[in-house]
Each structure stands twice: as C-alpha cells, then as structure tokens.
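My notes follow in the order I looked things up.

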Amino acid sequence: MTAAMPNFAPAPDDEPSSAPAPKDPAERRKWSSDLRFMLVVLAAIVALFLAFALLIAFSPTGAAISALAIIAAPIATMVAAYYGISLALRQVKDARDAAEASEARARAAEQTARESDAWAAQMESGLRVAVAKLKAGAQDTRDVERAAGTPDEFF
C-alpha cells in the first residue's frame, strides 16, 4: 500500500538566474551602502597611490615624505570617519528594526492574551450553565466541579 506523500521540494523557477539579485528593498539599501563605502575606500587608495607616485617621481626627500604624511593623514581619517558613521547608522537602523519587530511580537502576544481571556470567560460561562442545569435536574455536580478544577465556593 502506497500513500501519497506531500512534495516538500521547492517549485522550479520559470527563469533561471545566474546570480542572486537582492529583491528586498532593505537588502538593496545594504548593497548600495556597501557600494558607497567601497567607492570611498577606492578613491582614498587611488589618492594615496597618486601621492606615492608623485613622491617617487619628484625625489623622496624629507620634505616630500612630510608632505605625503600631510596628504595621507586626512585621507585615512576621512575614510575611518566615514566607516564609523556608516557603521553607527547601520547599527541604529538594525536596532530600530529589532524594536519594531519586538513591538509587533508584543502586540501579537497581547492579542493572544485577549483571545485566551475571552475563551476562558466563555468556558467559565459554559461551566456555570452546565452546573446550573445539573443542579436544576437534581443531579450531583461534585464530579463536574472536580473535573473543572474549581475551588469549593466557585459556584
């Protein structure tokens, strides 16, 4: 006897893709941020390379080395500052996203608690009606009360 088993394999795509493209706007934003940072670093490297090329081309003297240090220090500082600011902004964004997710979970938990309270009230009401009907029919309700787990003076 063979039973039909559900197919848990992913459905094949209609069009094959050679490289995964970010479809989520947040992932696109991350890529654009990373691309900007890479461009800033690349520009700084090019500027430092040009400075070294000029130093080599015009004789490496003490004054030239000092001039290179004067050029290289602000460039390195700007790149480090840009990286620090970008990292801080990303951390703030991630923290904000985490807070929004936490709020959504809290709202869902509150909704679930309200639904549970409503369900419990309905069950209590049904139990009270059942006990009242049993008492009206001169039936013993002690077994029902024990099964419900209610205190002795609940009804």
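**Entry 1: confidence**

I started with confidence, since this is a predicted model. The mean pLDDT of the protein is 78, and 77% of its residues reach 70 or more. Over residues 1-10 the pLDDT falls below 50. I also looked for contacts of that stretch beyond near neighbours in sequence, and the model has 0. Where pLDDT is low, the predicted coordinates should not be read in detail.

Next I went through the helices. Confidence is highest in helix 2, at a mean of 88. It is lowest in helix 3 (residues 142-148), at 75.

**Entry 2: overall layout**

I counted secondary structure. The protein has 3 helices and 0 strands. Along the sequence I read the pattern α-α-α.

How much of the protein is buried? I find that 10% of its 155 residues count as buried. The accessible surface comes to about 12800 Å². Carbon and sulfur atoms hold 65% of that surface.

I then checked contacts between residues at least 6 apart in sequence. Of these, 51% join residues at least 24 apart.

**Entry 3: helix 2**

I took helix 2 next, residues 62-136. Helix 2 has 75 residues. From its first C-alpha to its last I get 109 Å, close to the 111 Å expected at 1.5 Å a residue.

Which residues of helix 2 are buried? I noted A64, L68, A72, I75, V79, S86, L127 and V131.

A73 also lies in helix 2. A73 is partly exposed, because its relative accessibility is 40%, between the 20% and 50% cut-offs. I looked from A73 across to L48, which is 25 residues away along the chain. Their C-alpha atoms are 9.8 Å apart.

**Entry 4: salt bridges**

Side chains of opposite charge can pair when their charged atoms come close. I searched the whole structure for such pairs and found 4 salt bridges.

I looked at D97 and K93 in some detail. Their side chains form a salt bridge at 3.1 Å, N to O. Why are D97 and K93 about one helical turn apart? They sit 4 residues apart in helix 2, so about one turn separates them. D97 is partly exposed at 36% relative accessibility. K93 is partly exposed too, with a relative accessible area of 28%. I also found K93 in a network of salt bridges with D94 and D97.

E103 and R107 came next. I get 3.7 Å, N to O, for their salt bridge. Both residues lie in helix 2, 4 residues apart, about one turn of the helix. E103 counts as partly exposed at 47% relative accessibility.

Then I checked R128 and E124. Their side chains meet in a salt bridge of 3.0 Å, N to O. This pair also lies in helix 2, with 4 residues and about one turn between its members. R128 is partly exposed at 35%, and E124 is partly exposed at 33%.

**Entry 5: the end of helix 2**

I moved on to L134, which is found in helix 2. L134 is partly exposed, with a relative accessible area of 27%. Which residues does L134 touch, leaving aside its neighbours within four places in sequence? I find contacts with Q139, T141 and V144. V144 is 10 residues from L134 along the chain, and their C-alpha atoms are 9.4 Å apart.

I also looked at what follows helix 2. A138 comes after it, and the phi of A138 is positive, near 60°.

**Entry 6: a nonpolar patch**

Last, I looked for nonpolar surface. One nonpolar patch covers about 710 Å². L35, M38, L39, L42, V46, F49 and L50 make it up. V46 lies in helix 1 (residues 25-57). At 42% relative accessibility, V46 counts as partly exposed. A residue joins a patch only with over 30% relative accessible area, so V46 clears that cut-off at 42%.

Methods
Residues numbered from 1 in each chain as written. Predicted model: local features only at pLDDT ≥ 70, side-chain atom pairs only at ≥ 80, totals over all residues. Heavy atoms only, no water. Helix = DSSP H or I, 4+ residues; strand = E, 2+ residues; numbered from the N terminus. Buried < 20%, exposed > 50% of the residue type's maximum accessible area, 1.4 Å probe, protein only. Contact = heavy atoms within 4.5 Å. Patch = residues over 30% accessible without salt bridge, like charges linked within 9 Å, V, L, I, M, F, W, Y side chains within 5 Å. Areas by Shrake-Rupley, 256 points an atom, 1.4 Å probe, with all protein chains shown as cover. Expected span 1.5 Å × (residues − 1). pLDDT = per-residue confidence, 0-100.
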